[in-house]
Amino acid sequence: MFERFTKDARAVVQGAAEHAEEARAQTVEAEHLLLALLDREGSRASFALAALGVGGRREAVRRDLAEARRRAGLTRAETEALAGLGIDVSEIVARVEEAHGVGAMSGHRRGRRWWSGHRAFGKGAKGVLEQSLRVALARQDRHIGDEHILLALTVRPGVPAEVLADHGVTHESLSAVLGSGSGRGTGEACA
């Protein structure tokens with residue numbers, strides 16, 4: 001599958017691994033792919049994000065991802081479901097952070113001894129990359145570009161899709177900006 005990735009898509013994967021390393025995360029996750037997409041300039045995904053008004057709100061998207069990470073990666077729907085059972089996630093986060101410090105539920109290992117090296121991709125990130133292949137095939141594109149990764153993030157349930165939707169980036173809005181696909185590919189794949 002990775003032989004079909006364009007240079008931009010490969011840069012997103014590499015950037016996601018770097019974000020995971022910086023955060024001292026155990027694995028690369030879907031949120032790291034979104035953070036790497038937000039870093040991109042001059043690519044189809046960055047064009048689409050700018051066209052949908054996210055270009056100037058990239059820091060707001062990053063803040064929303066960080067806030068979800070503080071809630072141990074729970075979506076609003078999950079938080080509301082727990083509230084329906086009488087579980088106040090905000091209260092739990094506050095108590096855990098009071099005892100263990102801000103961001104204790106984020107899953108990051110700040111201040112702990114950590115190795116530097118290759119990060120494995122978690123189930124969520126693997127699912128997004130697999131979905132990007134399905135998106136490219138559905139659009140009749142020969143290569144997988146960073147726009148396919150972005151489209152895949154919008155169709156997979158979870159925090160990245162929720163945060164993107166909060167900022168007006170949905171599968172439908174992205175598809176409208178990007179068009180229906182060319183059938184000729186979205187660029188040259190790297191050898």
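Good morning, colleagues. Please keep in mind that the structure shown is a predicted model.

I begin with the fold. The protein contains 10 helices and two strands. Read from the N terminus, the order of elements is α-β-α-α-α-α-α-β-α-α-α-α. The protein has 191 residues, of which 43% count as buried. If we take contacts between residues at least 6 apart in sequence, 70% of them join residues at least 24 apart. The exposed surface comes to about 10100 Å², and carbon and sulfur atoms supply 51% of that area.

I turn now to the charged side chains. Side chains of opposite charge can pair when their charged atoms come close. How many salt bridges does a search of the whole structure find? The search gives five, and I shall discuss some of them.

One is formed by arginine 62 and aspartate 39, whose closest N and O atoms are 2.6 Å apart. Arginine 62 belongs to helix 4, residues 58-70, and aspartate 39 to helix 2, residues 30-39, so this pair ties together parts that are 23 residues apart in sequence. Aspartate 39 is partly exposed, as its relative accessible area is 41%. Asp39 and Arg62 also belong to a network of salt bridges that includes Glu59.

Another salt bridge joins glutamate 147 and arginine 44, at 3.2 Å from N to O. Here glutamate 147 lies in helix 8, residues 146-155, and arginine 44 in helix 3, residues 44-51; the pair therefore ties together parts 103 residues apart in sequence. Are the two partners buried or partly exposed? Glutamate 147 counts as buried, at 2% relative accessibility, whereas arginine 44 counts as partly exposed, at 33%.

A further salt bridge links aspartate 141 with arginine 139, with the closest N and O atoms 3.5 Å apart. Both of these residues are buried.

Next, histidine 167. This residue sits in the loop between helix 9 (159-166) and helix 10 (171-178). Its relative accessibility is 11%, so histidine 167 counts as buried. Leaving aside residues up to four places away in sequence, histidine 167 touches Leu52, Val54, Arg57, Ala60, Val61 and Asp64.

Finally, the surface. Leu85, Ile87 and Ile92 form a nonpolar patch there, with about 270 Å² of accessible area together. Of these residues, isoleucine 92 lies in helix 6, residues 89-100. With 38% relative accessibility, isoleucine 92 counts as partly exposed.

Thank you for your attention.

Definitions and conventions. Residues numbered from 1 in each chain as written. Predicted model: local features only at pLDDT ≥ 70, side-chain atom pairs only at ≥ 80, totals over all residues. Heavy atoms only, no water. Patch = residues over 30% accessible without salt bridge, like charges linked within 9 Å, V, L, I, M, F, W, Y side chains within 5 Å. Areas by Shrake-Rupley, 256 points an atom, 1.4 Å probe, with all protein chains shown as cover. Salt bridge = Lys/Arg side-chain N within 4 Å of Asp/Glu carboxyl O. Helix = DSSP H or I, 4+ residues; strand = E, 2+ residues; numbered from the N terminus. Buried < 20%, exposed > 50% of the residue type's maximum accessible area, 1.4 Å probe, protein only. Contact = heavy atoms within 4.5 Å.
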